[in-house]
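Here's a quick tour of one structure, taken a few features at a time. Have a look at the sequence and the fold, then read on.

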Amino acid sequence: MILIDGKKTAQRIKTEISQEVQELLQQGKRPPHLTAVLVGNDPASMAYVKSKERNSQKIGFTSDLRHFEETISEKKLLQVVSDLNADPMVDGYIVQLPLPPHIDAHKIIMAIDPQKDVDGFHPVNLGKMIAGLPGFLPATPYGILELIKQYQIETSGKNVLVIGRSLIVGRPVSILLSQKREGGNATVTVSHSKTQNLKALSLQADIIVAAIGKPHFLTADMVKEGVVIIDAGINSIPDLSTQKGYKLVGDVDFESVKQKASYITPVPGGVGPMTIAMLLKNTLKAYHLKQV
């Protein structure tokens, strides 16, 4: 079993970006700028946004956080998005999801300038992804592709099962893995909460991408020997032995499944660090698009 080290791969990408930023500064140019918009005080969202901001600054980007109370109106948030679209100093920005129930997340995403949409959620970027055209790929699927490439995992002709159909991970990664591209050419099945024969499907899969949001959902009896496991889940479960009182686990029962896997990502330390690295890579791309 080979452990897929997302931290190591993400650090390599961030080092490459940092070197490019230093070259920009030496040429007298300003650094790229990433903005994060956070509504409310959800601990997981706050921690994630702070991590993005911290990583941005470490590689030489400038960054800022626009933090609003959960009671902010949809109209006001749309104005924030409009202001960010118009700000020439903001190269890319993200609106952290989920948003409060009174705000239509689709309406907010639709309002984002596709050329600043470094999360890759705008329909323009999703459409470009489907068509195989240049655009911003959603950060988590982008990171999964990069890990597959880094570890030289063969995907061509393989049976891939994606567990989960969200627009953030499941559906985009299923499309990317099926496309005629490096790290693609796979035969992909998308499963979800209504799939009736999930275990039968998972036992046939050469590669499984778990992104269903249920802790330890995929167990050893659901996978075959030699399977490649990409765990995109991140769930907190109670653990009184830790200072915080909880620990982070994936959608895969890691300890049992690793006995049968040929490659497997840990949680934390697998897909998570790659999501942030690819977000930064998208921001650098957005910066260069503005310079053309």
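## A charge over a ring

Lys285 puts its charged end over the ring of Phe136, at 5.6 Å from the ring centre. Keep in mind that this is a predicted model, so the side-chain placement here comes from a prediction.

How many aromatic pairs turn up? By the ring-centre rule, the count is zero. For anyone wondering what would describe such a pair, it's the distance of the centres and the angle of the planes.

Let's zoom in on one pairing. Strand 8 (residues 227–231) and strand 11 (residues 261–264) run parallel and are joined by three bridges. Within that pairing, Val228 sits opposite Tyr263 of strand 11.

Is Ala277 buried or exposed? It's buried, because its relative accessibility is 0% and the cut-off for buried is under 20%. This alanine belongs to helix 10, which covers residues 271–291.

Which residues does Ala277 touch, leaving out those up to four places away in sequence? They are Ala10, Ile13, Lys14 and Ile17. As for Val81, it lies 196 residues from Ala277 along the chain, and the C-alpha atoms of the two are 23 Å apart.

Definitions and conventions. Residues are numbered from 1 along each chain as its sequence is written. This is a predicted model: local features need pLDDT of at least 70, side-chain atom pairs count only at pLDDT 80 or more; totals for chains, interfaces and linings use all residues. Side-chain values use heavy atoms; hydrogens and water are left out. Helices (H or I, at least four residues) and strands (E, at least two) are DSSP runs, numbered from the N terminus. Buried means under 20% relative accessible area, exposed over 50%, partly exposed in between (1.4 Å probe, protein chains only). Contact means heavy atoms within 4.5 Å. Two strands pair if DSSP finds at least two bridges between them. Rings of Phe, Tyr and Trp (its six-membered ring) pair if their centres lie within 6.5 Å; planes under 30 degrees apart count as stacked, over 60 as edge-to-face and the rest as tilted. A charge sits over a ring if NZ of Lys or CZ of Arg is within 6 Å of the ring centre and within 35 degrees of the ring normal.
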